[in-house]
Amino acid sequence: MAELIKVKALKKEYKMGKITVPALNGVDITINEGEFVAIMGPSGSGKSTLMHILGCLDTPTAGFYSLENEEVSNMKKSKLAAIRNKQIGFVFQTFNLLPHMNVQKNVELPLMYGGYSKRKRSRMAKKVLSEVGLSERLKHKPSELSGGQRQRVAIARAIVNDPAIILADEPTGNLDTNSGNDILGIFSELHAQGHTIIIVTHDSYVAKRADKVINIVDGLIQEIEETQKTDATAGN
Ligand SMILES: Nc1ncnc2c1ncn2[C@@H]1O[C@H](COP(=O)(O)OP(=O)(O)OP(=O)(O)O)[C@@H](O)[C@H]1O
Ligand SMILES: [Mg+2]
């Protein structure tokens with residue numbers, strides 16, 4: 001399997017005036033194309049910080065990060081934004097939808113930078129919204145949806161560009177068990193379609209289904225558990 005993400009000695013410190021807050025203290029990770037990876041660890045251990053760097057939403061203080069064999073650790077913000085738009089879909093715990101835009105417009109947003117025609121954008125958004133079961137809600141505002149439906153809109157927005165990697169930071173954290181399970185089902189489906197999925201979760205049920213579980217404590221990888229796959233299930 002091809003190496004998609006390679007991280008070495010990754011460090012992140014947040015500067016707050018005179019105080020420096022260490023969040024990642026030297027992290028090494030390799031993630032292959034098509035893997036389903038779960039990231040677990042206590043609150044404040046650096047999971048979101050790591051996800052933001054992997055998702056090119058933030059840059060490390062030190063260390064190396066390459067994405068599809070291209071070093072991104074030292075890239076400028078504008079270049080990172082372009083990579084993010086093309087290769088990464090990000091799903092947040094709190095959905096992060098734009099409240100004044102309807103469902104379809106929210107999903108079309110990442111396509112605004114791709115030079116697609118209005119008609120093409122509309123078609124692409126409707127297609128992914130039907131995949132997450134929301135064809136009947138195109139003109140609703142986020143406030144007119146349930147939590148589970150909002151998260152499905154956020155997933156549709158994350159996948160509309162067909163990114164290789166989907167990152168989800170506790171995507172079921174604000175949902176009840178049933179809606180949460182629906183959302184996890186969508187991630188399984190996306191994984192089966194060949195997307196690489198990296199998900200922060202506290203749910204051991206999800207972790208059991210992952211190819212790789214990365215346990216992070218105090219900004220350090222404590223353990224990486226890899227599921228041994230048989231030939232019959234490898235490389236799906
Ligand atoms: N923007 C920021 N400025 C300063 N410190 C920050 C910032 N974001 C995170 N931190 C600090 O970095 C450390 C790691 O935070 P992070 O959000 O990555 O943890 P987490 O594992 O995602 O926690 P949780 O499970 O609660 O979401 C914490 O000590 C936190 O206080
Ligand atoms: Mg977090």
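Analyst: Six strands make an open sheet in the order β6-β7-β8-β3-β9-β10, and the pairing is mixed. From one strand to the next, the twist averages 15 degrees. Strands here are DSSP E runs of at least two residues, helices are H or I runs of at least four, and both are numbered from the N terminus. Two strands pair if DSSP finds at least two bridges between them.

This is a predicted model: local features need pLDDT of at least 70, side-chain atom pairs count only at pLDDT 80 or more, and totals for chains, interfaces and linings use all residues. Residues are numbered from 1 along each chain as its sequence is written, while chains are lettered from A and ligands numbered from 1 in the order in which they are written.

Start at one end of the sheet. Strand β9 (residues 212-217) runs antiparallel to β10, with six bridges between them. Within that pair, Ile216 has Ile221 of β10 as its bridge partner.

Now β8, which spans residues 196-200 and includes Thr196. Thr196 counts as buried because it has 23 C-beta neighbours inside 10 Å. The cut-offs: buried means 20 or more other C-beta atoms within 10 Å of a residue's own, exposed means 12 or fewer, and partly exposed lies in between, with C-beta atoms placed from the backbone. Leaving out residues up to four places away in sequence, Thr196 touches Leu4, Ile31, Glu33, Gly34, Glu35, Ala164 and Ile165. A contact needs C-beta atoms, placed from the backbone, within 7 Å. Thr196 and Ile216 are 20 residues apart along the chain, and their C-alpha atoms are separated by 20 Å.

α1 lies across β3 (36-40), β7 (165-169), β8 and β9, and runs at about 155 degrees to β7. Axes are lines fitted to C-alpha atoms, for helices over the stretch in contact, and angles run from 0 to 180 degrees between N-to-C directions. α1 is largely enclosed by the rest of the structure, because six of its eight residues are buried. Those six are Lys47, Thr49, Leu50, Met51, Ile53 and Leu54. Just after α1, Cys56 takes a positive phi of about 60 degrees.

Around ligand 1 sit Tyr14, Met16, Val21, Ala23, Gly41, Ser43, Gly44, Ser45, Gly46, Lys47, Ser48 and Thr49. Two or more of these shell residues come from each of β1 (3-16), β2 (19-32) and α1 (47-54). α1 gives the largest share, three residues. A shell residue has its C-beta atom, placed from the backbone, within 6 Å of the ligand. By class, four are nonpolar, seven polar and one charged. Here Ala, Val, Leu, Ile, Met, Phe, Trp, Tyr, Cys and Pro count as nonpolar, Asp, Glu, Lys and Arg as charged, and the others, Gly among them, as polar.

β1 and β2 belong to another sheet. This open sheet has four strands, ordered β2-β1-β4-β5, with antiparallel pairing. Its edges are β2 and β5 (70-71), each pairing on one side only. β1 and β4 (residues 62-67) run antiparallel and share five bridges. Lys8 stands opposite Phe64 of β4.

Finally, the whole chain. The protein has seven helices and 10 strands. Its C-alpha atoms fill a box of roughly 45 × 45 × 30 Å along the principal axes. Buried residues make up 41% of the 236.

Conventions
Contact = placed C-beta atoms within 7 Å.
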